Amino acid sequence: MPALSIDNMTPLILAFALFTTAYGCGQPAIEPELTRVVNGQEARPNSWPWQISLQYRRHDGYGHTCGGSLVATNWVMTAAHCINEDFTYRVVVGKHNLQQAESSAKAIDPAKIIMHRHYNPVLISTGNDIAMIKLSEHVTLSDEVQLACLPKANTLLPHNYPCYITGWGRLSTGGPTSVTLQQALMPVVEYDVCKQNDWWGVSIRRSMVCAGGDGVVGGCNGDSGGPLNCKNADGTWEVHGIASFVSGRGCNYIKKPTVFTRVSDFNEWIDETMMNN
(Lines give C-alpha, C1' and ligand atoms only; values in the text may rest on other atoms or scores of the structure.)
Protein backbone atom coordinates (compact mmCIF):
# COMPACT_ATOMS: atom_id res chain seq x y z
CA MET A 1 0.00 0.00 0.00
CA PRO A 2 1.21 3.60 -0.51
CA ALA A 3 2.77 5.38 2.43
CA LEU A 4 1.22 8.18 4.43
CA SER A 5 3.68 10.88 5.43
CA ILE A 6 2.91 14.15 7.20
CA ASP A 7 6.29 14.43 8.88
CA ASN A 8 9.24 12.13 9.31
CA MET A 9 7.69 10.48 12.35
CA THR A 10 4.34 9.75 10.72
CA PRO A 11 3.79 6.00 10.44
CA LEU A 12 3.96 4.49 6.98
CA ILE A 13 1.15 2.20 5.97
CA LEU A 14 2.64 -1.23 5.55
CA ALA A 15 -2.13 -6.63 3.70
CA PHE A 16 -12.45 -16.62 16.47
CA ALA A 17 -13.26 -19.84 15.82
CA LEU A 18 -11.54 -22.32 13.62
CA PHE A 19 -13.45 -24.95 11.77
CA THR A 20 -12.42 -28.49 12.70
CA THR A 21 -10.48 -30.08 9.86
CA ALA A 22 -8.14 -32.98 9.34
CA TYR A 23 -5.30 -30.49 9.08
CA GLY A 24 -6.05 -28.53 12.23
CA CYS A 25 -4.17 -25.24 12.38
CA GLY A 26 -0.74 -23.83 13.01
CA GLN A 27 1.19 -27.01 12.26
CA PRO A 28 2.56 -26.80 8.72
CA ALA A 29 3.17 -30.03 6.86
CA ILE A 30 6.22 -28.34 5.33
CA GLU A 31 8.30 -27.12 8.27
CA PRO A 32 9.73 -23.58 8.09
CA GLU A 33 13.51 -23.47 7.86
CA LEU A 34 14.45 -21.22 10.75
CA THR A 35 18.03 -22.10 11.66
CA ARG A 36 19.65 -19.56 9.32
CA VAL A 37 17.32 -16.66 10.00
CA VAL A 38 19.36 -13.62 11.05
CA ASN A 39 18.59 -10.71 8.74
CA GLY A 40 15.74 -12.41 6.89
CA GLN A 41 15.71 -14.93 4.09
CA GLU A 42 13.49 -16.52 1.49
CA ALA A 43 10.98 -18.83 3.13
CA ARG A 44 10.78 -22.49 2.26
CA PRO A 45 7.89 -22.73 -0.25
CA ASN A 46 4.52 -23.29 1.47
CA SER A 47 6.06 -23.55 4.94
CA TRP A 48 3.72 -20.78 6.13
CA PRO A 49 0.58 -22.29 4.54
CA TRP A 50 -1.87 -19.79 6.05
CA GLN A 51 -0.10 -16.84 4.39
CA ILE A 52 -2.12 -15.30 1.55
CA SER A 53 -1.42 -12.61 -1.04
CA LEU A 54 -4.09 -9.93 -1.26
CA GLN A 55 -4.05 -8.58 -4.81
CA TYR A 56 -5.89 -5.75 -6.54
CA ARG A 57 -6.89 -5.37 -10.17
CA ARG A 58 -4.69 -3.18 -12.34
CA HIS A 59 -4.88 -2.40 -16.04
CA ASP A 60 -2.50 -5.28 -16.78
CA GLY A 61 -3.97 -7.83 -14.38
CA TYR A 62 -3.58 -8.17 -10.62
CA GLY A 63 -0.77 -6.97 -8.37
CA HIS A 64 0.18 -7.84 -4.81
CA THR A 65 -0.65 -5.20 -2.23
CA CYS A 66 -0.85 -6.87 1.19
CA GLY A 67 -0.55 -10.10 3.08
CA GLY A 68 -3.07 -11.85 5.27
CA SER A 69 -3.83 -15.06 7.13
CA LEU A 70 -6.30 -17.80 6.29
CA VAL A 71 -8.20 -18.33 9.54
CA ALA A 72 -11.07 -20.48 8.25
CA THR A 73 -11.69 -22.21 4.96
CA ASN A 74 -13.59 -19.16 3.71
CA TRP A 75 -12.21 -16.33 5.86
CA VAL A 76 -9.02 -14.28 5.70
CA MET A 77 -7.72 -11.83 8.31
CA THR A 78 -5.76 -8.77 7.17
CA ALA A 79 -5.26 -5.09 8.00
CA ALA A 80 -8.04 -2.56 7.48
CA HIS A 81 -5.62 -0.10 5.87
CA CYS A 82 -5.11 -2.62 3.06
CA ILE A 83 -8.67 -2.08 1.88
CA ASN A 84 -9.72 0.60 -0.59
CA GLU A 85 -13.43 0.45 -1.37
CA ASP A 86 -12.75 1.61 -4.93
CA PHE A 87 -10.51 -1.37 -5.71
CA THR A 88 -11.33 -4.87 -6.89
CA TYR A 89 -9.49 -7.55 -4.93
CA ARG A 90 -8.72 -11.22 -5.02
CA VAL A 91 -7.12 -13.52 -2.44
CA VAL A 92 -4.45 -15.97 -3.57
CA VAL A 93 -3.75 -18.97 -1.32
CA GLY A 94 -0.88 -21.43 -1.62
CA LYS A 95 1.45 -18.85 -3.17
CA HIS A 96 5.24 -18.54 -2.95
CA ASN A 97 6.61 -16.91 -6.13
CA LEU A 98 4.43 -14.04 -7.31
CA GLN A 99 5.82 -14.19 -10.85
CA GLN A 100 5.39 -17.90 -11.50
CA ALA A 101 2.41 -20.16 -12.02
CA GLU A 102 2.23 -22.62 -9.12
CA SER A 103 0.04 -25.70 -8.87
CA SER A 104 -0.57 -25.05 -5.16
CA ALA A 105 -1.94 -21.55 -5.76
CA LYS A 106 -5.56 -20.56 -6.25
CA ALA A 107 -7.13 -17.11 -6.65
CA ILE A 108 -10.52 -16.52 -5.01
CA ASP A 109 -12.77 -13.47 -5.18
CA PRO A 110 -14.04 -11.92 -1.94
CA ALA A 111 -17.74 -12.25 -1.18
CA LYS A 112 -17.60 -9.56 1.52
CA ILE A 113 -14.98 -7.37 3.22
CA ILE A 114 -15.60 -6.12 6.76
CA MET A 115 -13.35 -3.50 8.36
CA HIS A 116 -13.43 -2.84 12.08
CA ARG A 117 -16.02 -0.13 12.74
CA HIS A 118 -13.60 1.90 14.88
CA TYR A 119 -10.76 1.88 12.38
CA ASN A 120 -9.70 5.43 11.43
CA PRO A 121 -7.82 5.62 8.12
CA VAL A 122 -6.57 9.11 8.94
CA LEU A 123 -5.03 8.09 12.28
CA ILE A 124 -3.63 4.57 11.97
CA SER A 125 -2.01 4.89 15.39
CA THR A 126 -5.45 4.90 17.05
CA GLY A 127 -5.58 1.16 16.38
CA ASN A 128 -8.30 -1.24 15.23
CA ASP A 129 -6.35 -1.87 12.01
CA ILE A 130 -8.03 -5.18 11.24
CA ALA A 131 -10.36 -6.46 8.51
CA MET A 132 -11.95 -9.77 7.64
CA ILE A 133 -12.47 -11.01 4.09
CA LYS A 134 -15.16 -13.59 3.46
CA LEU A 135 -14.25 -15.66 0.41
CA SER A 136 -16.75 -16.50 -2.30
CA GLU A 137 -15.92 -20.20 -1.89
CA HIS A 138 -14.26 -22.49 0.60
CA VAL A 139 -10.64 -23.40 -0.05
CA THR A 140 -9.52 -27.01 -0.08
CA LEU A 141 -6.93 -27.57 2.61
CA SER A 142 -3.75 -29.41 1.71
CA ASP A 143 -0.10 -29.58 2.68
CA GLU A 144 0.35 -26.19 0.95
CA VAL A 145 -2.83 -24.45 2.18
CA GLN A 146 -3.70 -24.62 5.87
CA LEU A 147 -5.36 -22.55 8.56
CA ALA A 148 -3.72 -20.17 11.01
CA CYS A 149 -4.21 -20.62 14.73
CA LEU A 150 -5.07 -17.53 16.73
CA PRO A 151 -3.93 -17.00 20.33
CA LYS A 152 -6.30 -17.04 23.27
CA ALA A 153 -7.97 -13.75 24.11
CA ASN A 154 -5.79 -11.20 25.89
CA THR A 155 -2.59 -13.20 25.42
CA LEU A 156 0.51 -11.04 25.91
CA LEU A 157 3.94 -12.29 24.86
CA PRO A 158 6.99 -11.45 26.98
CA HIS A 159 9.82 -9.18 25.89
CA ASN A 160 12.15 -10.76 23.29
CA TYR A 161 9.78 -13.65 22.58
CA PRO A 162 10.89 -15.03 19.18
CA CYS A 163 8.37 -14.44 16.39
CA TYR A 164 8.65 -14.35 12.60
CA ILE A 165 7.24 -11.89 10.11
CA THR A 166 6.42 -13.25 6.65
CA GLY A 167 5.50 -11.41 3.48
CA TRP A 168 6.34 -10.15 0.01
CA GLY A 169 7.17 -6.63 1.16
CA ARG A 170 10.07 -4.38 0.18
CA LEU A 171 13.46 -5.74 1.18
CA SER A 172 14.59 -2.21 2.07
CA THR A 173 13.06 1.25 2.34
CA GLY A 174 12.40 2.48 -1.18
CA GLY A 175 13.53 -0.80 -2.71
CA PRO A 176 11.54 -3.25 -4.83
CA THR A 177 9.04 -5.66 -3.35
CA SER A 178 10.07 -9.28 -3.06
CA VAL A 179 9.08 -11.82 -5.70
CA THR A 180 9.25 -14.77 -3.29
CA LEU A 181 7.84 -15.04 0.22
CA GLN A 182 10.35 -13.84 2.81
CA GLN A 183 10.63 -14.55 6.53
CA ALA A 184 12.58 -12.88 9.31
CA LEU A 185 13.06 -13.29 13.03
CA MET A 186 11.50 -10.34 14.88
CA PRO A 187 11.47 -10.63 18.68
CA VAL A 188 8.59 -9.04 20.57
CA VAL A 189 9.15 -5.66 22.21
CA GLU A 190 6.94 -5.50 25.28
CA TYR A 191 4.49 -2.63 25.66
CA ASP A 192 6.34 -0.91 28.52
CA VAL A 193 9.44 -0.65 26.31
CA CYS A 194 7.69 0.21 23.06
CA LYS A 195 5.72 3.05 24.68
CA GLN A 196 8.87 4.83 25.88
CA ASN A 197 9.39 8.27 24.39
CA ASP A 198 12.50 7.33 22.42
CA TRP A 199 10.65 4.30 21.00
CA TRP A 200 7.06 4.77 19.78
CA GLY A 201 5.74 6.80 22.70
CA VAL A 202 2.07 7.81 22.53
CA SER A 203 1.64 6.23 19.08
CA ILE A 204 1.32 2.79 20.72
CA ARG A 205 -1.84 1.29 22.21
CA ARG A 206 -2.24 -1.85 24.30
CA SER A 207 -4.19 -3.29 21.37
CA MET A 208 -0.93 -3.41 19.42
CA VAL A 209 2.22 -5.50 19.60
CA CYS A 210 5.69 -4.30 18.62
CA ALA A 211 8.39 -6.54 17.16
CA GLY A 212 11.91 -5.85 15.92
CA GLY A 213 13.41 -2.39 16.36
CA ASP A 214 17.04 -3.41 16.02
CA GLY A 215 17.54 -1.23 12.96
CA VAL A 216 18.23 -4.29 10.79
CA VAL A 217 15.03 -6.28 10.33
CA GLY A 218 11.53 -4.86 9.98
CA GLY A 219 8.33 -5.05 8.02
CA CYS A 220 7.95 -2.80 5.00
CA ASN A 221 5.46 -1.80 2.30
CA GLY A 222 3.83 -4.96 0.94
CA ASP A 223 4.07 -6.81 4.28
CA SER A 224 0.96 -5.00 5.55
CA GLY A 225 -1.81 -7.25 6.77
CA GLY A 226 0.50 -10.23 7.01
CA PRO A 227 1.13 -12.32 10.11
CA LEU A 228 3.48 -12.14 13.04
CA ASN A 229 3.97 -15.88 13.61
CA CYS A 230 4.87 -17.08 17.10
CA LYS A 231 5.20 -20.69 18.27
CA ASN A 232 3.46 -21.53 21.56
CA ALA A 233 4.59 -23.90 24.29
CA ASP A 234 2.84 -26.81 22.59
CA GLY A 235 4.80 -26.28 19.38
CA THR A 236 1.87 -24.79 17.44
CA TRP A 237 2.29 -21.58 15.45
CA GLU A 238 -0.13 -18.78 16.30
CA VAL A 239 -0.67 -15.49 14.49
CA HIS A 240 -0.23 -12.87 17.20
CA GLY A 241 -0.04 -9.81 14.99
CA ILE A 242 -1.27 -8.18 11.78
CA ALA A 243 1.39 -5.94 10.21
CA SER A 244 0.15 -2.35 10.56
CA PHE A 245 2.78 0.40 10.38
CA VAL A 246 6.46 1.34 10.53
CA SER A 247 8.32 4.59 11.00
CA GLY A 248 8.33 7.32 8.38
CA ARG A 249 12.11 7.39 8.90
CA GLY A 250 12.45 3.94 7.36
CA CYS A 251 11.25 0.38 7.55
CA ASN A 252 14.16 -0.81 9.72
CA TYR A 253 14.72 2.23 11.90
CA ILE A 254 16.36 1.69 15.30
CA LYS A 255 13.93 1.80 18.26
CA LYS A 256 10.99 2.03 15.84
CA PRO A 257 9.89 -1.61 15.68
CA THR A 258 7.23 -2.77 13.28
CA VAL A 259 3.82 -2.30 14.88
CA PHE A 260 1.18 -5.00 14.55
CA THR A 261 -2.48 -5.13 15.49
CA ARG A 262 -2.54 -7.48 18.49
CA VAL A 263 -4.83 -10.32 17.42
CA SER A 264 -5.59 -11.46 20.99
CA ASP A 265 -7.36 -8.15 21.61
CA PHE A 266 -9.86 -8.86 18.81
CA ASN A 267 -10.92 -12.50 19.31
CA GLU A 268 -14.50 -11.57 20.13
CA TRP A 269 -14.79 -9.25 17.13
CA ILE A 270 -13.32 -11.89 14.81
CA ASP A 271 -15.75 -14.53 16.11
CA GLU A 272 -18.76 -12.24 15.78
CA THR A 273 -17.77 -11.13 12.29
CA MET A 274 -17.54 -14.69 11.00
CA MET A 275 -20.70 -15.86 12.73
CA ASN A 276 -22.82 -12.89 11.61
CA ASN A 277 -21.70 -12.79 7.99
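**Close-up views of a predicted model**

View 1. The link is right-handed, with 110° about the S-S bond of Cys 163 and Cys 230. Distant parts of the chain are connected by this pair, since Cys 163 belongs to strand 10 and Cys 230 to strand 14, 67 residues apart.

View 2. Lys 231 has its place in strand 14, which comprises residues 227–231. With a relative accessible area of 34%, Lys 231 is partly exposed, a value that falls between the 20% limit for buried residues and the 50% limit for exposed ones. Leaving aside residues up to four places away in sequence, Lys 231 touches Tyr 161, Thr 236 and Trp 237. Although Lys 231 and Cys 163 are 68 residues apart in sequence, their C-alpha atoms are 7.3 Å apart in space.

**View 3. The disulfide between Cys 25 and Cys 149.** A disulfide joins Cys 25 to Cys 149, with an S to S distance of 1.8 Å. The torsion about the S-S bond of Cys 25 and Cys 149 is about 75°, and the disulfide is therefore right-handed. Distant parts of the chain are linked here: Cys 25 sits in the loop between strand 1 (12–13) and strand 2 (41–42), while Cys 149 sits in the loop between strand 9 and strand 10, 124 residues apart. Cys 25 is buried at a relative accessible area of 15%, and Cys 149, at 9% relative accessibility, likewise counts as buried.

**View 4. The disulfide between Cys 220 and Cys 251.** Cys 220 and Cys 251 are both buried, and a disulfide joins them with an S to S distance of 1.9 Å. The torsion about the S-S bond of Cys 220 and Cys 251 is about 60°, so this disulfide is right-handed. Cys 220 lies in the loop between strand 13 (208–211) and strand 14, and Cys 251 in the loop between strand 15 (237–246) and strand 16 (258–262), so the pair ties together parts that are 31 residues apart in sequence. A search of the whole structure finds five disulfides, and when the bonded cysteines of the protein chain are numbered in sequence order, the pairing reads 1-4, 2-3, 5-9, 6-7, 8-10.

**View 5. Helix 2 and the elements that cover it.** Within helix 2 (residues 267–276), the buried residues are Asn 267, Trp 269, Ile 270, Thr 273 and Met 274. Seen down the axis of helix 2, these buried residues fall within an arc of 165°, so they line one face of the helix. The exposed residues Glu 268, Met 275 and Asn 276 are carried on the face of helix 2 turned away from its buried side. The cover over the buried residues of helix 2 includes strand 4 (61–72), strand 5 (75–78), strand 8 (110–115) and strand 9 (131–135).

**View 6. Strand 9 and its two antiparallel partners.** Four of the five residues of strand 9 are buried, so the strand is largely enclosed by the rest of the structure. Strand 5 and strand 9 run antiparallel and are joined by four bridges, and Lys 134 of strand 9 is the bridge partner of Trp 75.

View 7. Lys 152 lies in the loop between strand 9 and strand 10 (163–167) and is exposed, with a relative accessible area of 68%. Not counting residues up to four places away in sequence, Lys 152 touches Ser 264 and Asn 267, and Asn 267 is one of the buried residues of helix 2. Lys 152 and Asp 265 are 113 residues apart in sequence, yet their C-alpha atoms are 9.1 Å apart in space.

**View 8. Two nonpolar cores within the chain.** The largest nonpolar core has 57 residues, and those with the most contacts inside it are Leu 54, Leu 70, Met 77 and Ile 270. Apart from that core lies another, of 13 residues, among them Leu 157, Met 186, Leu 228 and Cys 230. Across the 277 residues of the protein chain, buried residues make up 56%. The secondary structure of the chain comes to two helices and 16 strands, and its accessible surface comes to about 12000 Å², of which 48% belongs to carbon and sulfur atoms.

Key
Residues are numbered from 1 along each chain as its sequence is written. This is a predicted model: local features need pLDDT of at least 70, side-chain atom pairs count only at pLDDT 80 or more; totals for chains, interfaces and linings use all residues. Side-chain values use heavy atoms; hydrogens and water are left out. Buried means under 20% relative accessible area, exposed over 50%, partly exposed in between (1.4 Å probe, protein chains only). The arc is that of the directions from the helix axis to the C-beta atoms. Contact means heavy atoms within 4.5 Å. A nonpolar core is a set of buried Ala, Val, Leu, Ile, Met, Phe, Trp, Tyr and Cys residues joined through side-chain atoms within 4.5 Å. Accessible areas come from the Shrake-Rupley method with a 1.4 Å probe; for residues, only the protein chains shown count as cover. Two strands pair if DSSP finds at least two bridges between them. A disulfide is a pair of cysteine sulfur atoms within 2.5 Å.
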